[in-house]
Amino acid sequence: MNTKLKTLQIIHLALCSGVFLFALVTIFLNREIMFFDANPQTTAPFNPIFPIMGLITISGSIFFYRNLIAKIDKSATADTKINMYQSAFIISSALLEGGALFNIVGFFMTHNSFFLIFGLANFVFLVLKRPTKDKLISTLQLQYPDTEAL
């Protein structure tokens, strides 16, 4: 089971790295022409779309994660529980990554750094979602023989 936790941690690192590197590249490319404007009238078609999608993906991530974790059978084997946890984690993380990338693309298209705030919010939630042994044990309510295998 140790390999499953390591796999999740590698997936998490890849998702975080992808978002972080994409943000760095877009900021580097737009560094001389970027501006900050939160006024909906001046950034008309994009201003409501990108921030709302960022907030929807955060909410969706939390909702789907909790929903899928609640569906895990408490009497199932540890391997089954961990497989269900992996599915919930990947879906939740993909939503957070999608929201971050969507807002970074909004910044890239408009040069308005206002959208980076919502990309950063998604990124922070993604970073805080890092899977650890303690989180896995508490979320799945694993007991002694199964916890030693992690």
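This is a predicted model: local features need pLDDT of at least 70, side-chain atom pairs count only at pLDDT 80 or more; totals for chains, interfaces and linings use all residues.

Colleague: OK, and which helix does Gln86 lie in?

Modeller: Gln86 is part of helix α3.

Colleague: What is Gln86 in contact with, leaving aside its neighbours within four places in sequence?

Modeller: With those set aside, Gln86 touches Lys4 and Leu8. Leu8 is itself one of the buried residues of α1.

Colleague: Tell me about α1, then. How many residues does it have, and how far does it reach?

Modeller: Helix α1 covers residues 2–30, so to speak 29 residues, and spans 42 Å from its first C-alpha to its last. That is close to the 42 Å expected at 1.5 Å a residue.

Colleague: What do the buried residues of α1 pack against?

Modeller: They pack against α3 (78–110), α4 (114–128) and α5 (133–140). Among those buried residues are Leu5, Leu15, Cys16 and Val19, along with Gln9 and His12.

Colleague: Switching topic: how do the axes of α2 and α4 cross?

Modeller: The axes of α2 (residues 49–70) and α4 come within 9 Å and cross at roughly 10°. That makes the two helices roughly parallel, because angles under 35 degrees count that way.

Colleague: Which residues meet there?

Modeller: On the α2 side they include Phe50, Leu55 and Ile62, and on the α4 side they include Phe114, Phe118 and Phe125. The residues of the contact of α2 with α4 divide into 10 nonpolar, 3 polar and no charged.

Technical notes:
Residues are numbered from 1 along each chain as its sequence is written. Side-chain values use heavy atoms; hydrogens and water are left out. Helices (H or I, at least four residues) and strands (E, at least two) are DSSP runs, numbered from the N terminus. The expected span of a helix is 1.5 Å times one less than its number of residues. Buried means under 20% relative accessible area, exposed over 50%, partly exposed in between (1.4 Å probe, protein chains only). Contact means heavy atoms within 4.5 Å. Axes are lines fitted to C-alpha atoms, for helices over the stretch in contact, and angles run from 0 to 180 degrees between N-to-C directions. Angles under 35 degrees count as roughly parallel, over 145 as roughly antiparallel, 65 to 115 as roughly perpendicular and the rest as oblique. Ala, Val, Leu, Ile, Met, Phe, Trp, Tyr, Cys and Pro count as nonpolar, Asp, Glu, Lys and Arg as charged, and the others, Gly among them, as polar.
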